[in-house]
Amino acid sequence: MMGGVCSFLAMTSMNALAFKTPDKLIAGSDITFYPYEYMDKGKPAGFDIEFIDGLAKTMGRTAVEVDTRWANLIPGLRGGRFDILNSAMYITPDRLKVIDMIPYLKTGESILSIKGADYQPKVAEDFCGHKIGSQAGTAWLKQMKDLSVNYCEAKGLKPISISEYPTDPQATQAMLSHAVEAQITDAAVAQGVVKKLGSRVVISSEKLLYPVLNGIGVKKGNDDVREALTAGIKKFSQTPEYKALFAKYNAQSPSAEDIKQLMPKQ
């Protein structure tokens, strides 16, 4: 009998250790990516922040956001600094090799250019021979580099000159200062930039580039957290708060078909 009790206590202890604390959901976020995550009057705000707050409450927890620069997010998760990553992170095959990711949003990229400039790229193929700015470490950088080689150079055109910046706002500032000619970024982020700087920039692309899923990152092997989050998202998605959140940000919740089509195969 005592052995059974000890086994039960050991299992309970192991489950409790799946999260860093018994009542919190600690999330690593790069809080420089409006409108997903940004600082407003000294506090984290944005779609992802509100999403994790609502999800945490559904799970009986309190969300805690740890502001961390993009390059340090995955190492921080793998090192046990956070329970999850909550930072508008695209689900890619390379990321799935090192962390687990749970889809919660469908998005893609847009192109920003300077309002009134002669150069107004509509599609990524228009980047050949031009200087393009982007946040470093993003999923679309590989797509841009592949496009430069396999499309631009293959057709005898000049390659794409890609400049990478630590944060998305720095890429926008580089465009405004004419260090680059255009910027590629997440579609919702592009809308946010136009909202802030509408007299200076425009979205020159006419359709969503490279549709993709955003995912919450979980350390590989941390099945308790992954399963708790999956169940929590399912429960949260049935609430009025969930529907109001997606409507507020004009965001798109991924359908089962979206996940089937866009989730990378491992």
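Reader: Which residues of H6 are buried, and against which elements do the buried residues of H6 pack?

Author: This is a predicted model, and in it the buried residues of H6 are Asp 168, Ala 171, Thr 172, Ala 174, Met 175 and Leu 176. An α-helix has 3.6 residues a turn, so residues three or four places apart point the same way. The elements against which the buried residues of H6 pack are S6, S7, strand S8 (161-165), S9, helix H7 (187-197) and strand S10 (201-203).

Reader: Where does Lys 41 lie, and what is the phi of Lys 41?

Author: Lys 41 is found in the loop between S2 and strand S3 (43-45), and Lys 41 is exposed, with a relative accessible area of 82%. Lys 41 is a residue other than glycine, yet its phi is positive, with a value near 55°.

Reader: Which peptide bond is cis, and what is its omega?

Author: The proline concerned, Pro 35, sits in the loop between strand S1 (24-29) and strand S2 (38-40). The cis bond runs from Tyr 34 to Pro 35, with omega near 5°.

Reader: How many disulfides are there, and what is the handedness of the disulfide of Cys 128 and Cys 152?

Author: With a cut-off of 2.5 Å between cysteine sulfur atoms, the count comes to one disulfide, which joins Cys 128 to Cys 152 at an S to S distance of 2.0 Å. Cys 128 lies in the loop between strand S6 (99-114) and strand S7 (131-135) and Cys 152 lies in helix H5 (residues 140-152), so the pair ties together parts that are 24 residues apart in sequence. Both Cys 128 and Cys 152 are buried. The torsion about their S-S bond is about -80°, so the disulfide is left-handed.

Reader: At what angle do H2 and H8 pack, and is H2 roughly parallel or roughly perpendicular to H8?

Author: Helix H2 (residues 47-58) and helix H8 (residues 223-236) pack at an angle of about 100°, with their axes 9 Å apart. Because angles of 65 to 115 degrees count as roughly perpendicular, this angle makes H2 roughly perpendicular to H8. On the H2 side the contact is made by Phe 51, Gly 54, Leu 55 and Thr 58, and on the H8 side by Leu 229, Gly 232, Ile 233, Lys 235 and Phe 236.

Reader: In the largest nonpolar core, which residues touch the most other members, and how many residues are in another core apart from it?

Author: The largest nonpolar core has 41 residues, of which Phe 47, Phe 51, Leu 55, Ile 84, Ile 216 and Leu 229 touch the most other members. Leaving out residues up to four places away in sequence, the contacts of Ile 216 include Phe 51, Leu 55, Asp 100, Tyr 104, Leu 229 and Ile 233.

Methods
Residues numbered from 1 in each chain as written. Predicted model: local features only at pLDDT ≥ 70, side-chain atom pairs only at ≥ 80, totals over all residues. Heavy atoms only, no water. Core = buried A, V, L, I, M, F, W, Y, C linked by side-chain atoms within 4.5 Å. Buried < 20%, exposed > 50% of the residue type's maximum accessible area, 1.4 Å probe, protein only. Contact = heavy atoms within 4.5 Å. Helix = DSSP H or I, 4+ residues; strand = E, 2+ residues; numbered from the N terminus. Axes fitted to C-alpha atoms, helices over the stretch in contact; angles between N-to-C directions. Parallel < 35°, antiparallel > 145°, perpendicular 65-115°, else oblique.
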